[in-house]
Amino acid sequence: MTAMDAHNAASTPPLSRRTERVAGSLIREILKVTQRLEVISFAGGLPADDLMPKLDFAALHGDPRQYGASEGEQPLREAVAARLAGLGLACDAEQVLITSGSQQGIDLVGKLFIDEGSPVLLEAPSYLAAIQAFRVYGAEFHGLRLSEDGIDPEALRQAIARRRPAFVYLIPTFQNPTGYCYSEANRRAVAAVLDEAGVPLVEDDPYRDLAYGPAERTPICAYLRRAPWVYLGSFSKITAPGLRIGYLAASPALFPWLLRLKQASDLHSNRISQAWLARFLEGEAFERHLANLAGVYAERRDTMQASLQRHFSGLAQWRLPDGGLFFWLRLSGECDTLAALQIALASNIAFMPGDPFFPLAEQRYPALRLNFSHAAPADIERGVARLAQVLGECIEP
Ligand code: PMP
């Protein structure tokens, strides 16, 4: 045994309880497999490679090489505040914090609100990596059943009355994993319940610009009058996730605390990415880019819809998503979707089993998530056909 082998074989020293709660992410494991060229992947939430804007670092805002402000670059904060104001979320640039992806915003929110055993209310199903991040801090989850036009405001009221949560985490617009979008009435009703109880809302909104038809998109935060709020946004899905730039806006009572946590975490986000984005957002190219993206993704969504109608009727039920990146298939019988995934991967098709998206095992139903933005249209048809064969053999009627 070499010295290096001996070193590697040494047992792990005691770790924090927090760390021991961290499970590996299934999606990261699947993404490793899907990097093989021959695999048709419906698994990740990846933007299409060929649609990402070219990065030209020759014309940046200022000189981004030095350490910068924890709040983020001012031109970018101002551009974000202006966009939010346009959505009806009146907000000052001083309330905007640039984050290293919206995933960092999720993590900061976890740090801000969660002690061991703190109750957190969220949709069932919800975003896998938010569940994972909140679990690290010791959250106790309570899932609110999500239907096509949102959660039931009365169920929210009752859940809050039973046990007051540290916060409520929602993805009201083109949700991950379901693609569902809350109706206007539901948004207002949810806001009214939160205002009445004074419970903080964390609204995660990375898909809002990927809309393929008319859909209600006013942030629920915009309807709040009293409850504290944190609104999370991202440039990952609409520019390039490798930039790692997202943002949060927060009500004045929360903002200074989030800023301190950001400082303690990584000082500030990447200034080169921020400088590039600030320039990109200034020009008309950005709006053109968004329109192009929505056009191409709408076509891919329609291709997947046609393929699903051909191959999946009888096997699953789904709703045509009005935006975002995913179809959510509710399977028509019991199915071990993890076992089905292994079989599908053996024929070079990847998808996301539904189970990990449920914060609590008892709320699960057999489902899977299919991404339609990344695969080319011809591959979508081939992949869906093959997947239907695999699932047809796995679903118990
Ligand atoms: N929230 C949701 C709902 C997401 O789907 C994602 C990306 N999959 C994120 C946050 C994180 O995005 P990013 O960190 O790349 O901004």
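Phe 351 touches Phe 42, Ala 43, Leu 341, Ala 344, Leu 368, Arg 369, Leu 370 and Leu 387, leaving aside residues up to four places away in sequence; touching means that the C-beta atoms, placed from the backbone, lie within 7 Å. This is a predicted model, where local features need pLDDT of at least 70, side-chain atom pairs count only at pLDDT 80 or more, and totals for chains, interfaces and linings use all residues. Residues are numbered from 1 along each chain as its sequence is written.

**Exercise 1.** Find which residues touch the most other members of the largest nonpolar core.

*Solution.* Start with the term: such a core is a set of buried Ala, Val, Leu, Ile, Met, Phe, Trp, Tyr and Cys residues joined through C-beta atoms within 7 Å. Buried takes 20 or more other C-beta atoms within 10 Å of a residue's own, exposed takes 12 or fewer, and partly exposed is in between. Of the 113 residues in this core, Leu 201 and Phe 351 touch the most other members. Next, look at helix H14 (residues 377-394): its 6 residues are the largest share of the core. Helices here are DSSP runs of H or I with at least four residues, strands are E runs with at least two, and both are numbered from the N terminus.

**Exercise 2.** Decide whether Gln 263 and Ala 253 are exposed or partly exposed.

*Solution.* First, Gln 263, in helix H10 (residues 255-266), is partly exposed because it has 13 C-beta neighbours inside 10 Å. Then Ala 253, in the loop between strand E9 (246-250) and H10, has 10 such neighbours, so it counts as exposed.

Methods:
Contact = placed C-beta atoms within 7 Å.
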